[in-house]
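I opened this notebook to record what I looked up, working from the annotated spans to the interface and then to the charged pairs.

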Amino acid sequence: MSTPFLVWIILAPLIGSLLNTGFYFYHIKKQKISEVVFALIGTITPFISFLITLYLFLQMRDEKIIFNQDLFTWVSIGNLNIEMRLLGDNLAIFMSMFVTFIGWLIHIYAIGYMKGDEGFGKFFAYFNLFLASMLILVLADNPIILFIGWEGVGLCSYLLIAFYYQDKDNVLAGNKAFIANRVGDFGFLLGVVTLFFAIDANSLSFATIEANISNASPELLILSGFLLFVGAMGKSAQIPLYVWLPDAMAGPTPISALIHAATMVTAGVYMVARFHFLYIGIEDIGTFIAYIGAFSALFAAIIATKQQDIKKILAYSTMSQLGYMFIGVGLGFYSTGLFHVFTHAFFKAMLFMGAGGIIIALHHEQNIFKIAQHRAQLPIIHFTFLVGVIAISGIPPFSGFFSKDAILAAAFQNGEYLIWGIGIFTAFLTAFYMFRLYFVIFVAPTKHVAQYTYTSKTITMPLLILSIGAIAAGFLNLPEVLGGETRVDTWLSQLNSHKLHLSHSTEYILMITSVIVALAGILVAYKKYAKFDVYKPESDEGIIANKFYVDEFYDKVLVQTSKKISTFIDKVVDEKIIDGFIMSICDGFISFGKKVAMIQNANVRFYAAFMLVGMCCIFIYLYKLLGL
Amino acid sequence: MISLTSYAFVSMILFSIGVIGVIARRNIFVIYMSIELMLNGITLFFVTFARYHFNLDAQIISILVIAIAAAEAAIFLSVIILLFRSKKSLDTDVFNTLTQGENS
């Protein structure tokens, strides 16, 4: 059904962004504008998007319809038509529901967090644009429009990570995010082109691709499936393109929350789910995705156990959880993977926002051991942080347990026991490092407790709302074995080719295993860190603390090598060979020109002689060659 | 009767003397006279052919040539006077102020 509301989901934050940009220019050029104006524009517009989405969702639930909206024909060449068209099917509405809702809460939180910042208005302009880009991505009807949003979130992440642009490190982190993403985007673009080439249709909408997918040769489909996933690797920070994510912590904390919870990093998972009809046909690539996800999950979890920067620990945990999501979507359990995206959005946004609250309370201290030394009295943040840590560790009945367990059960059912094993071990590590964080910050004995209580409502209210989600979101997809209805699976049923059909006893065993593993992780963390002497922090030496030297490896192999090649091309190939060749041709023309110039000596007799010679030549030509 | 070839031969000799005069001599008056010689050679050719073919068109052209030569003489002589005033010389090699080259 065509509905005029769909476009307003995107337009609302986009208009908010434009308004804020305008006001911000006025603010810096002419006269100061109160922060309230920026904050109101910045938070009302995402809320409008959320309300529209909610309205559409309710209508869709009652009437079982799919929304779409034709805006205009964007490209029309020959018989190729690319329509600017929005698609609001179950998947898109599901995604935009929590993108707008959690995005809105993060916007509210940002009011308190960015209070008094010089670039307050600019921040909200970028922030709204970020949300608008993500919504374009989610509501796109074809991969080309999806790519607009895909690039949009990349741009906004660059702008926001490098928000404090006076600091060189931040700018470098922004560049790194941008460049790592560009590598992925290149893959994505090649994937779309390959797909277009393969299906040979006159439109590129998802429906057309799905209808024509049988025309394509399997090799091309495998290639395009792989290339599209390269794009997802970049956006969703999977091995080997994850390096930007930890550095992206340079931006203000609300950005980290938005990138990690609701926008950028989930885009990769969403894209794979969007192309579910493609990936169903190429199960090898699906398995490959699942393995990449599993190894990313494990790798990031190992690194997270030794990090000391609170935000970096959370960043690695995001990468790890994204690994789980890719296990889900890779194995064909799209709704399961997306359900983890959904629950993760709640608790990860909450963890980041809690971390941000702690960080500003302690005047921008990010090292967990130093935070512990000057612990602040922050009861609400303490409570919500604990909820988040429990949820991510997978303790029932918190939301993280259900989504993670469903993914592990899916891996087990598919016979991917290695992935299952990695997943279980990662769950252990997750529980360990998250509770390490919690115990060090809130529990470990310390002599100095600052009586600093941060009471801004805009910071605590979103946290409390999210904590409800983090606790209860799991019940939306309660598995049948526990007497639930799997509502999310049903809602997204058009995506799934597989269904979980393990016997109840197996499911019970799997659940109990993962609970025991998580508890074991917590226990280890408790033994080691609950009584930890924070005045003797852990050493930050060693291979794990240095993130396996991957950054250094990339620098050595990729950056330095290409620098050397560039220098070689510049100094030898360009200057010596090409310039030498071109310049010698030029020199030849110049010296020839000088010789010709000598004829022009203004000597009348000389000209007359030449005229005569020329006339003779013409006569001879006419007489001999033309026979006149 | 003197043959056509003889007339043609004479007019070619006249024309060639004129050409050589224009190319080889430096005095601008001599060059002018050489140009007149070339014109005379051509005019003689026209007249000969007119008589030979009993066609008066060529006669008209030759009269035209003589008239233009007269007009040309007036302009040429005044130009020579101007050139002489500026350079105090009749040598054509001196009149090379139009180049930007080394000779100027």
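**Annotated spans.** I began with residues 60–84 of chain B, a span that is 100% helix and 0% strand and whose end C-alpha atoms lie 36 Å apart; helices here are DSSP runs of H or I of at least four residues and strands are E runs of at least two, numbered from the N terminus. This is a predicted model, in which local features need pLDDT of at least 70 and side-chain atom pairs count only at pLDDT 80 or more, while totals for chains, interfaces and linings use all residues. I note that residues are numbered from 1 along each chain as its sequence is written, that chains are lettered from A and ligands numbered from 1 in the order in which they are written, and that side-chain values use heavy atoms, with hydrogens and water left out.

An unreviewed UniProt entry annotates residues 6–25, 37–54 and 60–84 of chain B as "transmembrane region"; UniProt positions follow the numbering used here, feature names are shortened, and annotations may be inferred rather than shown by experiment. I checked residues 6–25 of chain B as well, and found 95% helix and 0% strand, with the end C-alpha atoms 28 Å apart.

For chain A, the UniProt annotation (unreviewed entry) "domain: NADH-Ubiquinone oxidoreductase (complex I) chain 5 N-terminal" covers residues 74–124. Over residues 74–124 of chain A I read 57% helix and 25% strand, with 29 Å between the end C-alpha atoms.

**Interface.** I then asked how many residues of chain A are in contact with chain B. There are 8, in contact with 13 residues of chain B, where contact means heavy atoms within 4.5 Å. The area buried between the two chains is about 840 Å², and carbon and sulfur atoms give 64% of it; buried area is the accessible area (1.4 Å probe) that two parts lose on being put together, summed over both. A:A602, A:R605 and A:L612 supply 60% of the area that chain A buries against chain B, more than any other three residues. Between chain A and chain B I found 0 salt bridges, a salt bridge being a side-chain nitrogen of Lys or Arg within 4 Å of a carboxyl oxygen of Asp or Glu.

**Charged pairs.** Over all chains the count comes to 11 salt bridges. One of them joins A:R85 and A:D70 (3.0 Å, N to O); A:R85 lies in strand β2 (residues 80–88) and A:D70 in strand β1 (residues 67–77) of chain A, so the pair ties together parts 15 residues apart in sequence. A:R85 is partly exposed at 23% relative accessibility, and A:D70 is partly exposed at 46%, the scale being buried under 20%, exposed over 50% and partly exposed in between (1.4 Å probe, protein chains only).

I next looked at A:D247 and A:K176, whose side chains meet in a salt bridge (3.0 Å, N to O). This pair links distant parts of the chain, with A:D247 in helix α9 (residues 244–247) and A:K176 in helix α6 (residues 168–199) of chain A, 71 residues apart.

My last entry is a network of salt bridges that links A:E151, A:R182, A:D185 and A:K235.
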